[in-house]
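Hi,

Here is the model I promised to pass on.

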Amino acid sequence: MFILGIETSCDETAVAVYDSNIGLVFDKIYSQISLHSKYGGVVPELASRDHLRKIISLIKISLLEYKLYLSDIDVIAYTAGPGLIGSLLVGATIACTLGFALDLPVIPVNHLEAHIHTPMMEGIITDYPFISLIVSGGHTQLIYVNNFRDYKILGQSVDDAAGEAFDKVAKLLGLQYPGGKLLSDIARYGKLNKFIFPRPMLNKDNLNFSFSGMKTFALNILKSNNYNTELYADIARAFEDAMIDVLVNKCIGAIKKTGLKRVVLVGGVSANDILRNKLSNSLKSYNGKAFYSSKKFCTDNAAMIAYTGMMYFFNKNINNNKLNIKVYSRWSLV
């Protein structure tokens, strides 16, 4: 069975086909980074217009490259949220239109749920339950994953998401959007403990996060010092160290609270090597283990949408009314 996945939640136009028998057939992504970088962030109207320009040709070219036809597709899955409404509507409209024309099942997929199951798509983790830490530009959440479609939110950011904080501090340092990865790169040259950032909510009796104050702290350092490359590297190092300390310690708190020993790290920030290594090493002291997907699947992609759509299909979660287009700017897992 071939599942066509469509992802347009933000600034990545992506399509994929997943075969329920052999696995991922292809995953194609068109990035809008060059379009938005001049503005220092994603411009929603420009994002939706660019999705509209690229999505149909991306589907056609991808199917042609892998010698597939629309008649080969059995199920269509699309990101229905959370995300930018205009961008989501493009993918949803294409998916539902194709489903109506080809008389195929159409499945609206929760983007966060797809992230959680990316390591399962790759066979990195194969069974439940486990804890999932979602760390991306839009979300930071600790989820108790008891089973498919059976989740409990253990903690989440009360303000900025981790990836959002990375990008905001990077922007203060004059780094080009998206700056999170660039900030991590220059952090390698920073002095350990030259600055000590606060660790927000680290000592609170809950598993929530708060990162908005980190931007203010970085700004105050910049105002109090002469600007230079060395200063920027020291700020980047201190910021990243604080961020990772919080994320890792909250994960440890989650395994203590739940008794589970497996933590699945997903989302764009999960590609950070320092975070991966520190989380893996820290969990060993508690007989725990960290799992994470290949870096190419950490950011938004259609492969995870197609795979999760397959799981929805086998669990009979299908949009039977294809003319009822469903999108949600916010869509909680519970």
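Helix α6 passes helix α7 in a left-handed crossing, meaning that the near helix is turned anticlockwise from the far one by less than a right angle (clockwise would be right-handed). Helices here are DSSP runs of H or I with at least four residues, numbered from the N terminus. The axes of α6 and α7 (residues 180–187) come within 8 Å and cross at roughly 70 degrees; axes are lines fitted to C-alpha atoms over the stretch in contact, with angles from 0 to 180 degrees between N-to-C directions. That makes α6 roughly perpendicular to α7, a label for angles of 65 to 115 degrees, while under 35 counts as roughly parallel, over 145 as roughly antiparallel and the rest as oblique. On the α6 side, Phe166, Asp167, Val169 and Ala170 make the contact, and on the α7 side Gly180, Leu183 and Ser184, where contact means heavy atoms within 4.5 Å. This contact has 4 nonpolar, 2 polar and 1 charged residues (Ala, Val, Leu, Ile, Met, Phe, Trp, Tyr, Cys and Pro are nonpolar, Asp, Glu, Lys and Arg charged, and the others, Gly among them, polar).

A word on provenance: this is a predicted model, in which local features need pLDDT of at least 70, side-chain atom pairs count only at pLDDT 80 or more, and totals for chains, interfaces and linings use all residues. Residues are numbered from 1 along each chain as its sequence is written, and side-chain values use heavy atoms, leaving out hydrogens and water.

How does α6 (residues 162–172) sit against α8 (residues 212–224), and at what angle do the axes cross? They cross at roughly 15 degrees and come within 9 Å, so α6 and α8 are roughly parallel to each other. This crossing is right-handed. Lys168, Val169 and Leu172 of α6 meet Met214, Lys215, Ala218, Leu219 and Leu222 of α8; by class, that contact has 6 nonpolar, no polar and 2 charged residues.

The whole structure holds 1 cavity of 30 Å³ or more, and the largest cavity has a volume of about 40 Å³. (On a 1 Å grid over the protein atoms alone, a cavity is a set of points where a 1.4 Å probe fits but cannot get out; a pocket is an open set with protein on both sides within 12 Å along at least five of seven lines; lining residues have an atom within 4 Å of a point. Points are joined across faces, edges and corners, and a volume is the space filled by probe spheres set on them.) Among the residues lining the largest cavity are Phe195, Arg199 and Asp241.

The second largest pocket has a volume of about 170 Å³. Helix α9 (residues 229–258) gives the largest share of its lining, 5 residues.

Best wishes

Conventions. Helices (H or I, at least four residues) and strands (E, at least two) are DSSP runs, numbered from the N terminus.
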